[in-house]
Amino acid sequence: MLACFGSAVAAEPVQLIDTHIHYSHDAWDMLPPAQAIKVLRKAGLKQAFVSSSSDDGTQLLYGQAPDLIVPVLRPYRKRGELSTWFKDPTVVDMIADRLAKNTYAGIGEFHIFGDDANRPVMKSVVQLARKYGIFLHAHSDAAAVINIFKQNPQARVLWAHSGFAEPDEIGEMLTRFPNLRADLAFRNDHATSDSVDPDWRQLFLAHPDRIMIGTDTYAPERWYYVVEHADWTRAWLKDLPGDLAEKIAWKNAQALADWALKK
């Protein structure tokens, strides 16, 4: 019988890996790097996948705490590029240059939808991820995810926000693509503070190795929510069998990071 997640030693907070943290340029003055690291540690995070607009923010945090930060390379140099980056060929040069100089576990989070995933810039990003053996963190609809896997069936994709899809569609996608993972960032429909929604529970049980947690600090003010989100996550995870809860809490993310960083 699977142990109850809440049976862990009470004095030790449940380990979490947050797979969806941004530290973009408009957060740096409000929350200097040392303070941002304190927030992540106060939340009791084992690690945090961090990407930023620009990537300098990620590098600032990684320099402060390489044990905590899993660097992910975002293709945005500043705010306002969400709908234009995949039309700009200079983005490919920027990504290639950064990948050659620094260590990253993935490329993203980027926004791409439908057939835009077949544009030359996105195709180049898919090929760079293949070259470096790292994952793609895609804020996408199902159509774009399908197009990415058509380009590289061996790609590893972390589906940001689980595509804001319903559990049945998420399940269909996870079944169809064995290398697809999904994060729960900026979602609260899967659980209350003390119970998991039945449809989501069915999804979690069907794909125990494929779901990860995330906060999404897309705006500076979201950093104030990191600790609260971690506490809420620990609360609803107690409603799952222990082994499953640990996988969603951190083990699935750890496995993805270890694969990408060749550990």
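**Exercise 1. Is Pro 66 buried, partly exposed or exposed in this predicted model, going by its relative accessible area?**

Solution. 
- Locate the residue. Pro 66 sits in the loop between helix 2 (55–64) and strand 3 (69–73).
- Take the computed value. The relative accessible area of Pro 66 is 48%.
- Apply the cut-offs. Buried means under 20%, and exposed means over 50%. Pro 66 is therefore partly exposed, at 48%.
- Gln 47 is 19 residues away from Pro 66 along the chain, and their C-alpha atoms are 9.4 Å apart.

**Exercise 2. Which residues of helix 4 are buried, and what do they pack against?**

Solution. 
- Check the length of the helix. Helix 4 has 13 residues, 120–132, and at 1.5 Å a residue it should span 18 Å. Its end C-alpha atoms are 18 Å apart, so the two values agree.
- List the buried set. Val 121, Met 122, Val 125, Val 126, Leu 128 and Ala 129 are the buried residues of helix 4.
- Name the partners. The buried residues of helix 4 pack against helix 3 (90–101), strand 4 (106–111), strand 5 (135–139) and helix 5 (142–151).
- Look just past the end. Gly 133 follows helix 4, and its phi is positive, near 65°.

**Exercise 3. Where do the buried and exposed residues of helix 6 lie around its axis?**

Solution. 
- Start with the buried residues. In helix 6 these are Pro 167, Ile 170, Gly 171, Met 173 and Leu 174.
- Look down the axis. The buried residues fall within an arc of 165°, so they line one face of helix 6.
- Cross to the other side. Asp 168, Glu 172, Thr 175 and Arg 176 are exposed there.
- Find the contacts. The buried residues of helix 6 pack against helix 5, strand 6 (157–159), strand 7 (180–183), helix 7 and strand 8 (211–212).

**Exercise 4. Which helix gives the most to the lining of the second largest pocket?**

Solution. 
- Take the volume. The second largest pocket holds about 170 Å³ of space.
- Read its lining. Among the lining residues are Glu 166, Pro 167, Asp 168, Trp 200 and Leu 203.
- Helix 6 (167–176) and helix 7 (198–206) each supply at least two lining residues.
- Pick the main contributor. Helix 7 gives the most, with five residues.
- The lining divides into four nonpolar, two polar and five charged residues.

**Exercise 5. Are His 161 and Ser 162 buried or exposed?**

Solution. 
- The loop between strand 6 and helix 6 holds His 161.
- The loop between strand 6 and helix 6 holds Ser 162.
- Read the backbone. Phi is positive, near 60°, for His 161. Phi is positive, near 50°, for Ser 162.
- Read the accessibility. His 161 has 1% relative accessibility, so it counts as buried. Ser 162 is buried, with a relative accessible area of 0%.

Key: Residues are numbered from 1 along each chain as its sequence is written. This is a predicted model: local features need pLDDT of at least 70, side-chain atom pairs count only at pLDDT 80 or more; totals for chains, interfaces and linings use all residues. Side-chain values use heavy atoms; hydrogens and water are left out. Helices (H or I, at least four residues) and strands (E, at least two) are DSSP runs, numbered from the N terminus. The expected span of a helix is 1.5 Å times one less than its number of residues. Buried means under 20% relative accessible area, exposed over 50%, partly exposed in between (1.4 Å probe, protein chains only). Contact means heavy atoms within 4.5 Å. On a 1 Å grid over the protein atoms alone, a cavity is a set of points where a 1.4 Å probe fits but cannot get out, and a pocket is an open set with protein on both sides within 12 Å along at least five of seven lines; lining residues have an atom within 4 Å of a point. Grid points are joined across faces, edges and corners, and a volume is the space filled by probe spheres set on the points. Ala, Val, Leu, Ile, Met, Phe, Trp, Tyr, Cys and Pro count as nonpolar, Asp, Glu, Lys and Arg as charged, and the others, Gly among them, as polar. The arc is that of the directions from the helix axis to the C-beta atoms.
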